[in-house]
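Here is a short report on one protein chain.

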Amino acid sequence: MTARPSSRKPSGPEVPHQPTETHSAETGPAGPAEPGAVRGTERTRSGSGRARGSATAPVTPPAGDEPSVTGTPQPAAADSTAPEGSVPAGNEAAGTADAGAGSVPPGTGARPARSGGRKAARANTAEAAEPDAAAGSGTVTAEAEAAVPQPAGSSGTAARPARAARARAGATKAAGAGTAPAGAARARAGTTRTKSTRTGGTSTDVPAADAPAATPAAAAGTAATGAGAPGGASGTTPGATTGAAGARSAAAGSGAASADQGGSASGPGKAARAKPAGAPRPRDGRGVRTAKPLGDDDRGRLLSGSHHDPHALLGAHSVRGGVELRVLRPHALSVTVLAKGLRTELNNDGDGLFSGVLPQRTTPDYRLLVTYEGHEDGFEVEDPYRFLPALGELDLHLIGEGRHEELWRALGAHPMTHQGVTGTRFTVWAPNARGVRVVGDFNFWDGSGFPMRSLGATGVWELFLPGIGEGALYKFEIMRPDGSYTQRADPMARRTEVPPANASIVTESHHEWGDQEWMTRRGEVPVHEAPLSIYEVHLPSWRPGLTYRQLAVQLPKYVKDLGFTHVEFMPVAEHPFGGSWGYQVTGFYAPTSRMGTPDDFRYLVDSLHRAGIGVLVDWVPAHFPRDDWALAEFDGRPLYEHSDPARAAHPDWGTLEFDYGRKEVRNFLVANATYWCEEFHIDGLRVDAVASMLYLDYSREDGEWSPNVHGGRENLDAVAFLQEMNATVYRRCPGVVTVAEESTAWDGVTRATHHVGHDGFGGLGFGLKWNMGWMHDSLGYVEHEPVHRKFHHNEMTFSMVYAYSENYVLPISHDEVVHGKRALVSKMPGDWWQQRANHRAYLGFMWAHPGKQLLFMGQEFAQGAEWSEGHGPDWWLLDPSYAAEPDHRGVRDLVRELNTVYGKAPALWQRDTVPEGFAWVDGGAWEDNVFAFLRFDKHGSPLLAVSNFSPVVRHGYRLGVPETVTAWAEILNTDEERFGGSGVLNADPMKAEQVESHGRRTSIAPTLPPLATVWFRPA
């Protein structure tokens, strides 16, 4: 990979606490945003019947709603030491409740009220005057009331429990209101109510006349009925107040007596005890008691987005005397709790906080009705803070160990059904963050109401947002350790906006694969023993403007017609700067959105497979750009990059190198490799810039790098990472091949990881390696004028000295036809005819040489101009109206013929990686510029390849051949007229003569065309 322009942009100011979103997508008119909101006027039911649990109470989810577990324990990579890790303690806060030890749930264990007597009163003074969860609420309907057990009392009535009686003694009551309990019912029947005071252990009855009269609104409270309340019911018998109870919701806030006023617990004339000091706060006019206020520290951290566990403060929690509910809804005017038999408005605590204690024994299955200015009807929504963590403990354990091979299933944004509710789970790894919030188009990029919780010691933050689905745009707003804020794209995003916009997009796949036959048979033959001819493509510029689906129509047809077995895509992972060609990645898990969606890319791969063409992609784990919305100092400190700035900065490209020694970073990259192979059915990964990863002193001068623990220059962390990556990919993805772009003499690039070489290292485990030495030497040779080539003859033969040290690919890649290096045909000397002839001869030599071959787009038809990502190949050269079109079409026809003959000649690929597959006939004919060699298949059947890089015809050029072959036939000649050549051929089979040559007893004497390569096989 050559030096590429950096995508780094000038860094801007820190994002403030309330950031101004610079996102390019339209967010709609200003106003409140509620994920999954339903307008209040559209609500047709009083409560949900789904079984749900409190976000922080130990609730057993319904069957099928257990937290997801996507990870599976994994064996360590071969000869790799598994990184240390520990099972995280989990989310301790998720299982706690606010109730103190030994607290009694409201309404349980309460003793029935005793009928009169000072002894009975004294017996109960030790108990606090707590309100009963089912008594005195202006919002409890008949259904809820009927569900509360009523202990039997004296005088033939269903007497209230003592605790409820004491609650009524200390609560505000309105005579005649439909919410009054037994004592109030008797007051409506004409019974005199009393105000009771207590001094020195005695009770004094005060005439009811001292109490203010009930307001007209209170007296008419029965007109407003609750859910299921029979209209007009006004029963006066406590045991038969079911109908009247349904009308009690109107009594809340209908005008109340003083706090001292209350009714007798067991009938007229019975003294009610006074409210002792320290009693709970009374219910407000909406039927909820005021919740205990948050402490200054918790409140401040919650509002600033720095609280590690907002679920411990928000949502529903069982407390003594009811269920405490707290909601964070910035900019809301009101928040009302909706449940079966319950509709009550919470108290406004300011700063977007709303709270109250519901008169419920257990956490109800509730929703929220939130109103905003201009939206008084409100939006009905789920409360995100009532849900248990949606990420399983096995996932957290594997993340903590750095061994989660399916990391993309655990982190990122995932639409799902959790505890019976549809929504999206957001998770992100940010261990240095003081707090993380989710922002997106669903909340107008204001995350103040959506703080995430930290899950144990793994550094993972999580939040399940109901109602959010596919297509939602989002980012993470992170509070750095210094208290500043930054908005970041999701490192695990599987879809992104089209650059230069950079938000992540919630997505899931719906593609149905049709390549089962290809996937089944692709691993039947090892890749180094099979034909492999690769066409390298830069997708955005191959046919500029085409989408993935449009490419799926044209590309497979074109590649199949030319006979290539595979295509190799330059990086398709999302990148902000097109001029980097994809080699400066910011979205490692997202195919670039420039040409469509991830499913569109799947469709392209599927189409190629159904056409019988394999797919390789360039993968870039060596470095990443410094864009301040991506991975660089992601949570305020070096995270994905090395903490040592000298180690982190890549000297060539202005980018940052990954910290391969950090287990979570290594896990991020290893999982990414398997992700492309499993999720997109990729058949191979060409790993970019491996040399820059392997050496600590790569492009660094003395004093700019530090040696490893052994005093060497090898990057031991990178070695371990590459070994783990290869071992994991080959274990999980049969038939996949990994290819290293490695330009040095590192020993064992394609050796198995458990085979230790002379340097003390195990192999890196790659399947193939680009032969950069062959490419450099051979191109250097053909660039010389033929008259001078004899002085560089060894540049064409030296590759056979090391040809079997690795499993090689011979690349004529994009790097060789850009930045002033000229296109392949333009590298050749001579006039236009000679340039094309040299071009054809070189391709014939390349296809016959041991190793697989790769050719970059445009070189198959001898494009004369360098490649540019802006306009791609010069297809106009193949326009029949162009005068030189036959010249270019002839070269393309040759490439088709090369691939066709290559695929039918096992001698050219079956024994590419073993010395038995090759033998020189004449490698020393430097005066003639001729190279002749034999290739053998696994049965020993030969193929003779002869290249004449001189512009003269050589008649009767004798070559020694195996005596087992009696006749030879020409099967390919790059000088054929149909390819644009002069037409010097060996039309008839040649019999082997008993003439010794080149150390062999038999020989043939073919005619060698000028600047051409000829192949012969047994006739």
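## The chain as a whole

The protein chain exposes about 37500 Å², and carbon and sulfur atoms supply 51% of that area. Accessible areas come from the Shrake-Rupley method with a 1.4 Å probe; for residues, only the protein chains shown count as cover. This is a predicted model: local features need pLDDT of at least 70, side-chain atom pairs count only at pLDDT 80 or more, and totals for chains, interfaces and linings use all residues. Residues are numbered from 1 along each chain as its sequence is written, and side-chain values use heavy atoms, with hydrogens and water left out.

Of the 1019 residues in the protein chain, 59% are buried (under 20% relative accessible area, 1.4 Å probe, protein chains only). The secondary structure comes to 23 helices and 39 strands. These are DSSP runs, numbered from the N terminus: helices are H or I with at least four residues, strands E with at least two. Among contacts (heavy atoms within 4.5 Å) with a separation of 6 or more, 75% join residues 24 or more positions apart.

## Helix α8

Helix α8 spans residues 393-401. Its buried residues are Asp395, Leu396, Leu398, Ile399, Gly400 and Glu401. They pack against α9 (407-410), β15 (453-455), β16 (460-466) and α15 (663-679). Just after α8, Gly402 takes a positive phi of about 70 degrees.

## α15 against α17

α15 packs on helix α17 (residues 716-732) at an angle of about 30 degrees, with the axes 10 Å apart. Axes are lines fitted to C-alpha atoms, for helices over the stretch in contact; angles run from 0 to 180 degrees between N-to-C directions. The two helices are therefore roughly parallel (under 35 degrees).

On the α15 side, the contact includes Arg666, Leu669 and Val670. On the α17 side, Phe721, Glu724 and Met725 are among the residues met. The residues of this contact divide into seven nonpolar, two polar and four charged. Ala, Val, Leu, Ile, Met, Phe, Trp, Tyr, Cys and Pro count as nonpolar, Asp, Glu, Lys and Arg as charged, and the others, Gly among them, as polar.

## α18 against α22

Helix α18 (residues 772-782) is mostly covered, with eight of its 11 residues buried. The axes of α18 and helix α22 (residues 832-848) come within 12 Å and cross at roughly 150 degrees. That makes α18 roughly antiparallel to α22 (over 145 degrees).

Trp774, Met775, Ser778, Leu779 and Val782 of α18 make the contact with Tyr842, Phe845 and Met846 of α22. Seven of these residues are nonpolar, one is polar and none is charged.

Note on methods:
Buried < 20%, exposed > 50% of the residue type's maximum accessible area, 1.4 Å probe, protein only. Parallel < 35°, antiparallel > 145°, perpendicular 65-115°, else oblique.
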